[in-house]
Amino acid sequence: MQDWPLLVHKIIDHAALYHGQREVVTRSAEGPIVRTDYAAIARRSRQMASALDRAGFGLGDRIATLGWNTARHMETWYGITGIGAIYHTLNPRLFPDQLAYIVNHAEDAALFFDITFAGLVEQIAPKIPSVRQYVALTDRAHLPAIHLPNLVAYEDFIAGGAPDFAWKEFDEQTGCGLCYTSGTTGNPKGVLYSHRSNVLHALIAGQGDALGVRNADTVLPVVPMFHANAWAMAFMAPFSGAKLVLPGPKLDGDSICELLTNEQVTMALGVPTVWLGLLQYLEKTGKTLPDLKRVLVGGSACPRSMIETLERKYGIEVTHAWGMTEMSPLGTLGILKAEFLQLPYEQRLDYKCKQGHPPFGVEMKITDDENRELPRDGKVFGRLKVRGPSVAKGYFRGEGADAFDSEGWFDTGDVATIDRHGYMTITDRAKDVIKSGGEWISSIEIENIAMGHPGIAEAAVIGIPHPKWDERPLLIAVRKAGAVVTREELLQFLAGKIAKWWMPDDVVFVEQIPHTGTGKVQKTALREQFGKHIARAAAE
Ligand code: ADP
């Protein structure tokens, strides 16, 4: 058969040819809603590639982007990859010093940024000498008045580029995208995706029982392009010609609701905190979302109460998904298998709360610390290991090599169970696991149940030192606005739902829980703040 190289710019060519007039709608960084289509994106991507080529960039160069989900950001990706350069997504939620570290580590040659981030870019510019070209993703009229070497507006940058530029030729194993993990411990580590892995990942994610996006869908990826590739959406939506709605800088409940309604979005993707914001907005306003059929939730564990509210109250089907930067990012999806479809709702919900089973293309197992595979009985916890054509085989520049073994398995750093049906449940990140009396307690499970209390908005469980048991769980919770919940009431709510020895020794109420740049609960910060907490019951 033919050796047809899997190159990502072939995706936008396909979309232009077969779905050219299908809309891509963006809430722009400048403010207004702007409309374009796949044909225009493909044409402008070639102009972008041509402009980069003329400016002297080429194969293997890292070109950074610091941008929201917008059509222009998509064009930069296709343009960069079309000359064999590498789009390097920067997460604006990281600290400026961390961003400078990442740019220097990658030795980025150019930086494309949204005007929202002009101040941030100006701040880090003196620390990133490898960047020789700055491009603001806007037109000349909105060019920010800041001093940067070689600063130009995107529209001017691509204006001279040829719309019929011929994509460069190279192997499918060529580097294509670069994304750093947020590095809650140690420095961030880079994952370098290839053209082949990005195309295969989009095909894997596109399976019917995975994301299964179809032409008739209108998709809103709230999950950002700067974190884990917007879960393949910039590549997968153009495959089928689904209409894309890109939220730009506004991710609050009100703005997302407006886009979902006005653009008649059928499917949306995001982390739990995004849906938390949307649900709070819906509750406050009494609005509903009749067009929205399906929501994909991942990046952190999706609380049971959230799935139930979205499904039962609003009629939106929820798919819980798990993945990580190192997996491009898709790993598993909590799609119900045929044998569970007739179960009563509560039991179906049990399965939907799990992180789910992998699509074809992702292998998965759990092992003990000596790398012996553990049974798939749904009870035993182990280190979750994965491999596949869109899983990293090492980090950029060879760091963190101990996470990869000689058989190609990558240790995810997550602790999980797998049941006999293949459903995986994350119990913790290895570094967050609570070890009490030599046994593991799942912080995620306790958090999940606590968040089911009608007065609780968010909950996190950490281990605090204990003289007898080594560690005991401490529950940290945020009350919903106006709710009156006491420590005793919350503990009572947990009683009977978890093993007795999993019961938190104490509850602390806080105004808010800190989150990382990728929307996860920042347990390191909580451990710093509450690590010395003395539980009222701990003395017993
Ligand atoms: P970062 O490490 O940069 O914050 P990643 O998105 O790569 O960003 O993080 C991946 C981790 O997020 C996983 O290893 C896992 O611990 C957690 N995670 C992702 N999805 C889920 C989920 N559905 N349930 C529980 N944890 C999840």
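Helices (H or I, at least four residues) and strands (E, at least two) are DSSP runs, numbered from the N terminus. With those terms, Val380 sits in the loop between β16 (363-367) and β17 (382-387). The model is predicted: local features need pLDDT of at least 70, side-chain atom pairs count only at pLDDT 80 or more, and totals for chains, interfaces and linings use all residues. Residues are numbered from 1 along each chain as its sequence is written, and side-chain values use heavy atoms, leaving out hydrogens and water.

**Overall build**
- The chain has 15 helices and 24 strands.
- Its radius of gyration, taken over C-alpha atoms, is 23 Å.
- Along the principal axes, the C-alpha atoms fill a box of roughly 75 × 55 × 50 Å.
- Contact means heavy atoms within 4.5 Å. Among contacts between residues at least 6 apart in sequence, 67% join residues at least 24 apart.

**Surface and charge**
- Buried means under 20% relative accessible area, exposed over 50%, and partly exposed in between (1.4 Å probe, protein chains only). Buried residues make up 59% of the 540.
- The chain exposes about 22100 Å² (Shrake-Rupley method, 1.4 Å probe). Carbon and sulfur atoms supply 51% of that area.
- Lys and Arg count as positive and Asp and Glu as negative; His and the chain ends are not counted. Each charge is placed at NZ of Lys, CZ of Arg, CG of Asp or CD of Glu. The mean positions of the 56 positive and 63 negative charges are 2 Å apart.

**Strand β10**
- In a regular strand the side chains alternate between the two faces of the sheet.
- Both faces of β10 (residues 218-221) are covered. Thr218 and Leu220 are buried on one side, Val219 and Pro221 on the other.
- Strands pair if DSSP finds at least two bridges between them. β10 pairs with β11 (residues 243-246) in the parallel sense over two bridges.
- Thr218 has Lys243 of β11 as its bridge partner.

**Helix α7**
- Nine of the eleven residues of α7 (residues 195-205) are buried, so the helix is largely enclosed by the rest of the structure.
- Among them are His195, Asn198, Leu200 and Ile204.

**Val380**
- Val380 is partly exposed, at 28% relative accessible area.
- Not counting residues up to four places away in sequence, Val380 touches Ile366, Leu374, Pro375, Ala416 and Thr417.
- Gly175 is 205 residues from Val380 along the chain, and their C-alpha atoms are separated by 38 Å.

Terms used. The radius of gyration is taken over C-alpha atoms; the globule rule is 2.2 Å times the number of residues to the power 0.38.
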